[in-house]
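Q: I'd like to learn how to read features off a model. Can we go through them one at a time?
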Amino acid sequence: IQCIVGHAYFHKYHFRVNDSTLIPRPETEELCQLILSNCPTENLKICDLGTGSGCILNTLLLENKSWTGIGVDIDKTALETASQNAIFWDTINRSQWLQMDILDMNILPQGNILISNPPYIPIKELAQMDKNVVAYEPHLALFVEDDPLIHYKKINALFQGDDNYTDLFFECHQDYIDDLIAFLLTTNINAKKIEDLSKNPRFIHIKK
């Protein structure tokens, strides 16, 4: 329905969506609230990797007028959609939209708070997915070749290598979150697993 009407409601706002962007999920609204509750209120720069429609970054900028941010995505059309949403909600002067492949990045854009809800579904599971998801949601934002944690590991490595960043927030699937926590803890990283409102393990907050 959201693709037909061309927009989706998220948090207190609505955003343009299309077949190059994921439809925003209620759990991701909880991610935004988690960030707003755990971060200082003044002069932060947010980086959202895999930004899609830009709903996360635009919502955070709307909720805190002193924040600025950068949205990164591999898909040009998704970035154009995110930028259109920023223009509509008047966050365009506090945001940048960059086309990059997370797995090819060597350094992060300048920032303080890093956020990502990256692809994690192994492509071999494609045949088992709901056909509404397979037909209408962008495969680039959903599927990985093999390792469901490949983007998480890369993003964490970038985060750990940049002293300007203090916090990293992941949204994860409950089937993989324990494996990710186990990986993070083997490297002595301060990582906390957080449940969503349905009591499913959903988020990870990493703090330096």
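A: Let's begin with strand pairing: two strands pair if DSSP finds at least two bridges between them. Helices (H or I, at least four residues) and strands (E, at least two) are DSSP runs, numbered from the N terminus. This is a predicted model, where local features need pLDDT of at least 70, side-chain atom pairs count only at pLDDT 80 or more, and totals for chains, interfaces and linings use all residues. Residues are numbered from 1 along each chain as its sequence is written, and side-chain values use heavy atoms, with hydrogens and water left out.

Q: How many bridges join strand E3 to E4?
A: Five, and E3 (residues 45-49) and E4 run parallel. Ile46 stands opposite Gly69 in E4.

Q: Why is strand E4 described as largely enclosed?
A: Buried means under 20% relative accessible area, exposed over 50%, and partly exposed in between (1.4 Å probe, protein chains only). Five of the six residues of E4 (residues 68-73) are buried, so the rest of the structure largely encloses this strand.

Q: Which residues touch the most other members of the largest nonpolar core?
A: A nonpolar core is a set of buried Ala, Val, Leu, Ile, Met, Phe, Trp, Tyr and Cys residues joined through side-chain atoms within 4.5 Å. The largest one here has 27 residues, and Ile35, Ile46, Leu60, Trp67 and Ile115 touch the most other members. Among the elements giving two or more residues to this core are helix H2 (26-38), helix H3 (55-63) and strand E6 (113-116). H3 supplies the largest share, six residues. A second, separate core has 26 residues, including Leu49 and Ile206.

Q: What is Asn85 in contact with, leaving aside its neighbours within four places in sequence?
A: Contact means heavy atoms within 4.5 Å. By that rule, and with those neighbours left out, Asn85 touches Phe15, Arg16, Ser53 and Asn58. Asn85 lies in helix H4 and is buried, with a relative accessible area of 3%.

Q: Where does the charged end of Lys153 sit?
A: A charge sits over a ring if NZ of Lys or CZ of Arg is within 6 Å of the ring centre and within 35 degrees of the ring normal. Lys153 has its charged end over the ring of Phe183, 5.2 Å from the centre. Lys208 lies over the face of Phe159, at 4.4 Å from the ring centre.

Q: How many disulfides does a search of the whole structure find?
A: A disulfide is a pair of cysteine sulfur atoms within 2.5 Å, and the search finds zero. Cys39 is buried at 6% relative accessible area, and Cys47 is buried at 0%.
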